[in-house]
Amino acid sequence: MKLRALKYHKGEQTKLSNLKKGQKAKVVFLNTEDKALRRRLLDMGITEGVQIKIKKIAPLGDPIDIEVRGYELCLRKFDMSMIDVEVISWELH
């Protein structure tokens, strides 16, 4: 029996690490007390209100390539789990 991939639909809130390839989301909150991690995410342009698209996922699921502010970067799944987002687009590619 094959399990279906969990999909988050437009308007739902979740963690960035839960999204699938091709989904887009808007950052709602950086949910971390680690000041160094928060500063690093902010320096990379991941701020509240910015749109993020999941571009590629490594074969073992970590790291994940995202597009933010017109450029691509890779983040660890752990770091992405600290980012609360609202799904904008649920089309999977």
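Predicted model: local features only at pLDDT ≥ 70, side-chain atom pairs only at ≥ 80, totals over all residues.
Reader: Okay. How many helices and strands are in the protein?

Author: First the idea: helices (H or I, at least four residues) and strands (E, at least two) are DSSP runs, numbered from the N terminus. Here you get two helices and six strands. Read from the N terminus, the order is β-β-α-β-β-β-α-β.

Reader: And which strands pair with E2?

Author: Two strands count as paired if DSSP finds at least two bridges between them. E2 pairs with E3 in the antiparallel sense over three bridges. E2 also pairs with strand E6 (residues 83–89), again antiparallel, over six bridges.

Reader: What does "buried" mean, and how much of the protein counts as buried?

Author: Buried means under 20% relative accessible area, exposed means over 50%, and partly exposed is in between (1.4 Å probe, protein chains only). Of the 93 residues, 37% count as buried. The protein exposes about 6000 Å², and carbon and sulfur atoms supply 53% of that.

Reader: Which residues touch the most other members of the largest nonpolar core?

Author: A nonpolar core is a set of buried Ala, Val, Leu, Ile, Met, Phe, Trp, Tyr and Cys residues joined through side-chain atoms within 4.5 Å. The largest one has 22 residues, and Ile46 and Ile66 touch the most other members. The elements giving two or more residues to this core are E2, H1, E3, E4, strand E5 (71–75) and E6.

Reader: What does Ile46 touch?

Author: A contact means heavy atoms within 4.5 Å. Leaving out residues up to four places away in sequence, Ile46 touches Val27, Leu30, Leu41, Ile52, Ile66, Leu75 and Ile83. Looking at the whole protein, take the contacts with a separation of 6 or more: residues 24 or more positions apart account for 61% of them.

Reader: Now charges. How many salt bridges are there?

Author: A salt bridge is a side-chain nitrogen of Lys or Arg within 4 Å of a carboxyl oxygen of Asp or Glu. By this rule there are seven. One of them joins the side chains of Asp43 and Arg39 (3.3 Å, N to O). These two sit four residues apart in helix H1 (residues 35–43), so about one helical turn separates them. Asp43 is exposed at 55% relative accessibility, while Arg39 is partly exposed at 47%.

Reader: What about Lys55 and Glu67?

Author: Their side chains also meet in a salt bridge (3.4 Å, N to O). Lys55 is in strand E3 (residues 51–57) and Glu67 is in strand E4 (residues 64–68), 12 residues apart. Lys55 is partly exposed at 25%, and so is Glu67 at 30%.

Reader: Last one: is Ser17 buried or exposed?

Author: Ser17 is buried, with a relative accessible area of 9%. You'll find Ser17 in the loop between strand E1 (13–15) and strand E2 (24–30). Not counting residues up to four places away in sequence, Ser17 touches Lys77, Met80 and Ser81. Thr14, in strand E1, is buried too, with a relative accessible area of 10%.

Methods: Residues numbered from 1 in each chain as written. Heavy atoms only, no water. Areas by Shrake-Rupley, 256 points an atom, 1.4 Å probe, with all protein chains shown as cover.
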